[in-house]
Amino acid sequence: MSFRLPSGGRLIDRTSELKFTFNGRIMRGFAGDTLASALLARDQMLMGRSFKYHRPRGVVASGAEEPNALMNIGEGGRFEPNQRATTAELFDGMAARSQNHWPSLEFDVGAINAKFARFLPAGFYYKTFLYPRHFWKYVFEPIIRQSAGLGAAPKEADADTYEHFYAFCDVLVVGGGIAGLMAARDAAADGKRVIVLEQNGHWGGRAPVDGAVVEGKPADEWVSVTLQALEANDNVTLRDRCMGAGVYDHGYVLGYERITDHAPANDVPRHRLWRIRAGHVVTATGALERPLSFAGNDLPGVMLASAVRDYVVNHAVAPGKRTVVVTNNDDAYRTAEVMVNAGLSVPAIIDARPSVDEALISKFSDLGVEVKVASAIAKVKGKDRVTGVAICAQDSNGSVSTTIECDAVAMSGGWSPVVHLWSHCGGKLTWDEDQAMFRPDPNRPPTNQTGEGFVSVVGWANGEIDQGDIAPVWIMPQGASIETRNKMWLDFQNDVKVSDVQLAAQEGFESVEHAKRYTTLGMATDQGKLSNINGLAVLADALDTGIPQVGTTTFRPPYTPISMGAIAGEARGEIFQPLRRTPMHAWHEKNGAHWEPVGHWRRPYCFQQPGESVEDAVNREITNTRTSLGLLDASTLGKIVVKGPDAGKFLDMLYTNMMSNLKPGKCRYGLMCSENGFLMDDGVVARIDEDTWLCHTTTGGADRIHAWMEDWLQCEWWDWKVWTLNLTEQFAQVAVVGPNARTMLETLGGMDLSAQALPFMGWADGKIGDFNVRVYRISFSGELSYEISVPASEGLAFWEALMEAGEPFGITPYGTEALHVMRAEKGFIMIGDETDGTVIPQDLGLNWALSKKKEDFLGNRAHSRSHMADPTRWKLVGLETVDGSVLPDGAYAVADGHNENGQRNMIGRVTSTYYSPTLDRGIAMGLVLHGPDRMGEVLAFPRVDGTVAYARIVSPVFYDPEGEKQNV
Amino acid sequence: MSNAMSVLEGAVSTGFVTVRDAGLTGMVSVRADLTDAATVAALSSCGITVPVVRQIVDGVAWMAPDELLLVTEYADAPALAQKVQAAMADTHALVHVVSDARAVLRVEGAGTKEALAKLCPVDLATLAPGEVRRTRLAQVAAAFWLEDAENAQIICFRSVADYVFGVLQMSARKGSEVGVFTR
């Protein structure tokens with residue numbers, strides 16, 4: 001049984017008692033406990049069940065590498081699954097639940113899987129669920145889903161906040177143990193800016209537990225003196241509870257700071273993601289102890305030897321009264337010594353090595369501990385906790401020589417340096433035969449932009465580990481039978497055993513990456529921290545090759561899982577994404593705007609009056625605009641000024657039509673193609689003066705087209721004298737539209753807006769009321785229309801002045817849908833509706849806009865490619881349903897027969913479709929094979945409900961084909 | 001000018017630093033080759049000295065090798081633009097008022113650098129007052145400079161002024177101090 005020792009515990013404060021619950025039961029621990037140590041103190045050795053076989057599992061480690069003791073921690077908005085009990089610091093009121101069992105931890109139905117373990121070997125899923133095919137969806141998948149998963153998914157929104165923090169330094173030290181603090185001290189002494197990250201809430205690593213003496217001082221004392229000196233140095237930043245999570249290119253490192261996990265609070269961010277740019281990274285990440293593979297090594301009570309002494313020294317918790325130590329190295333002897341010093345019994349040290357230093361044997365013999373050399377554990381006895389071990393010779397097939405009663409087993413298969421951060425960005429490893437470990441190869445570090453190594457490694461992480469003469473022991477005993485190997489766990493969390501890896505090798509999965517995926521070795525939340533090396537050693541043995549030849553799987557960041565919240569940072573709720581607002585946004589909001597997202601903008605889709613449907617609002621807005629007066633907030637349209645002696649030449653290259661011959665004071669509609677000839681944007685260009693043009697783009701195109709212009713100017717035509725400036729947000733722009741537009745504007749007084757003074761497709765600067773304006777006589781609706789721009793800061797005032805002046809005319813603001821319907825009634829194309837990146841101007845009957853006078857323009861050459869010049873390209877037409885209904889958007893026109901995919905032959909598709917209140921019928925545009933040559937033909941458009949809509953091919957201009965209404 | 005309104009309408013938020021709307025601010029963009037002698041002379045005739053790389057001096061900010069930003073009173077910007085435009089008539093230059101395209105915010109208090117370091121990938125420990133950084137502020141483009149160790153001015157596009165105010169407010173929440181620049 002595990003229990004709290006009457007004294008000791010370097011990290012706990014016995015005067016501060018904390019109350020917590022485990023599976024609903026109230027328990028008590030001390031400040032400084034982890035959840036794991038507090039549970040062990042209450043003899044709660046059973047902490048969870050394994051993923052596949054639902055085997056009872058206890059805690060095996062004392063740190064981030066823990067595979068078994070995963071908990072659902074917290075409640076409601078603070079619930080989080082898969083938390084390692086070993087790194088969860090206890091706090092008052094913590095609510096923890098064990099995972100992966102039903103109905104209870106003690107009695108679990110899923111454990112029946114274990115009875116069928118021989119039917120669930122490596123590759124079981126691949127072998128079993130292939131046939132019959134249809135079984136997958138209805139039989140296998142539901143069963144697997146039912147049994148899959150460790151923790152539960154949170155049901156409530158996260159109650160906490162998170163943030164990022166950008167930091168810069170010359171030297172970043174990851175790991176606050178002795179080696180890390182020494183590296184920090186040295187770097188600071190050189191005048192470097194230093195950041196030190198320590199994942200735990202305390203400094204010094206495991207040196208204090210192991211009784212290390214550093215520079216003549218006990219480790220604890222050395223750590224506190226060194227920390228004081230570092231803290232006093234302005235160039236040094238120390239962060240504890242902050243894990244170095246990943247190393248990326250160019251010295252970029254992520255640090256994962258857990259600010260309130262140990263003390264939940266409302267006003268403090270829970271996690272902070274440090275985004276660090278470091279000149280050099282020193283990893284001082286220590287080492288992880290490996291388990292040994294013997295039968296029953298997963299029973300609660302079997303723990304890593306280092307974890308056993310951690311719990312005793314740090315938390316004064318003994319995993320057992322009688323602990324058998326099993327090892328292949330000297331380091332585990334420290335555990336035996338710690339236990340004896342704590343007054344606990346160590347009946348034997350089972351040492352697999354053929355010979356052990358006599359001095360060591362006699363030292364422990366003096367302590368009353370028998371050392372059994374060349375021995376092995378044949379089997380751990382016990383059902384859901386350890387009751388004893390059967391001993392055999394290591395070089396045997398497992399015949400038991402004796403059994404020893406015990407309630408805990410401390411195992412050590414040697415140490416593996418934590419090479420993860422070294423490896424993340426390409427640092428290579430070398431196999432150290434003597435120490436039986438992969439260690440960083442100093443000659444092959446991850447390299448920076450100059451080809452130099454930017455990560456170095458110190459201390460245990462570099463393989464500088466004091467573990468004596470280790471003997472590589474990968475299976476215990478050496479000649480174990482298949483039944484026994486079937487009980488030797490490599491990956492505790494994913495239930496991968498020695499026999500599974502051997503089977504994978506036998507079935508031809510020779511690459512370590514393949515064997516990993518076939519067996520799921522190392523694929524659990526712990527990412528194989530304990531299982532990796534043991535697994536590949538077993539694989540190497542099965543393949544009869546060397547461990548370095550097998551190699552490791554890839555180490556990818558993060559080192560341990562980091563929260564999604566930390567990654568999101570501040571981006572949630574109102575500030576999840578930037579929302580772009582026009583100067584009139586607040587007015588729209590107050591006046592019934594039904595919003596439509598357009599890029600990051602929100603534009604009113606329509607303005608709903610009380611009790612009005614969206615559909616009715618759109619129809620009212622259109623009718624009102626066509627018969628009297630409408631107002632559109634067009635501020636989001638791109639406005640890019642282009643100026644310079646070469647500006648005309650430049651615009652002639654960018655637009656398909658001529659812009660250089662546009663007269664000052666005039667506007668022209670233009671098209672832009674990509675260099676592959678596809679239509680990418682359109683808009684009205686106004687010539688301002690001799691060498692200045694203002695280019696309007698689509699709302700979505702503003703930034704893209706500005707970048708497109710700069711790309712050509714900076715990279716290709718760098719010697720052309722052209723400047724551009726994106727003035728999209730400088731101006732609020734309002735379209736005043738409808739037969740009463742001029743009359744209304746004239747009531748405000750100011751500039752002459754008559755057809756003579758300002759004809760269609762002209763522009764002028766002047767005053768309207770007391771506003772300085774620029775007025776463009778352009779129309780996207782087919783009505784008399786003035787697009788008026790004012791400085792954005794005056795946009796709201798101008799809009800309100802127009803609303804007031806328009807009242808006698810029944811002015812109505814209209815949204816994007818009315819805009820769309822009115823342009824469709826006029827047969828105007830819309831980028832993104834009629835175009836989708838595969839459409840060229842010729843498809844849309846816009847040949848008139850392709851200048852023949854110019855030598856060249858972007859897209860010109862592409863238009864003569866055979867596929868672009870193909871006469872069978874679908875072309876734009878209008879579509880009028882025979883019965884007046886509205887065609888479904890995106891519907892296809894079908895012809896007789898089927899294509900090679902067994903689909904109906906298709907001869908066209910709908911690109912825009914609306915109900916037109918002006919015409920009181922459905923109108924549409926579409927691209928149709930030989931469309932313009934087939935006027936009057938009726939096409940069939942099957943609907944998704946099985947019925948068919950019939951539509952006649954007509955001209956795309958449904959309303960005012962002569963353009964009389966806009967040119968008045 | 002009574003029709004002109006600052007997009008944040010004078011908003012103020014107090015956390016471990018104060019975030020406030022700096023109100024309408026006059027801004028003029030000048031695009032020209034700043035190394036060209038004619039450009040320098042034309043600017044000089046308007047009393048404008050091109051600052052060294054990334055500096056803002058007397059309301060003249062170096063934004064790029066071919067771009068200056070002139071910062072002035074809101075009401076003075078159109079006249080300033082006209083004056084510079086006229087002086088540069090014979091050089092290849094583009095001058096335009098951009099006051100209304102942007103919003104200007106202030107961050108004030110001992111934790112100013114910290115609040116900004118949560119949002120901008122900028123080494124604030126070494127950033128000297130008067131150096132303009134054109135950078136990213138959370139998810140949007142921004143430019144800022146420190147006036148001194150405790151005061152910063154931020155310029156962003158006006159359409160995202162609410163967003164910028166929102167993320168600064170969040171970063172400046174009391175209790176979220178990082179404590180790295182305070183020593």
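Author: Two strands pair if DSSP finds at least two bridges between them, and strands (E, at least two residues) and helices (H or I, at least four) are DSSP runs numbered from the N terminus. This is a predicted model, in which local features need pLDDT of at least 70, side-chain atom pairs count only at pLDDT 80 or more, and totals for chains, interfaces and linings use all residues. Residues are numbered from 1 along each chain as its sequence is written, chains are lettered from A and ligands numbered from 1 in the order in which they are written, and side-chain values use heavy atoms, with hydrogens and water left out.

Reader: Which residue is the bridge partner of A:Leu631 in S45(A)?

Author: The partner of A:Leu631 there is A:Pro813, and strand S35 (residues 630–633) of chain A pairs with S45(A) in the parallel sense over 2 bridges.

Reader: In what order do the 6 strands of the open sheet in chain A run?

Author: The order is S42-S43-S44-S41-S35-S45, with mixed pairing; strand S42 (763–768) and strand S45 (812–813) of chain A are the edge strands, each pairing on one side only.

Reader: Which residue in the turn of the hairpin of S6(A) and S7(A) has a positive phi?

Author: That residue is A:Gly74, with a phi of about 90°, and 6 residues lie between the two strands. Strand S6 (residues 70–73) and strand S7 (residues 80–84) of chain A pair in the antiparallel sense over 3 bridges, and A:Ile73 has A:Glu80 as its bridge partner in S7(A).
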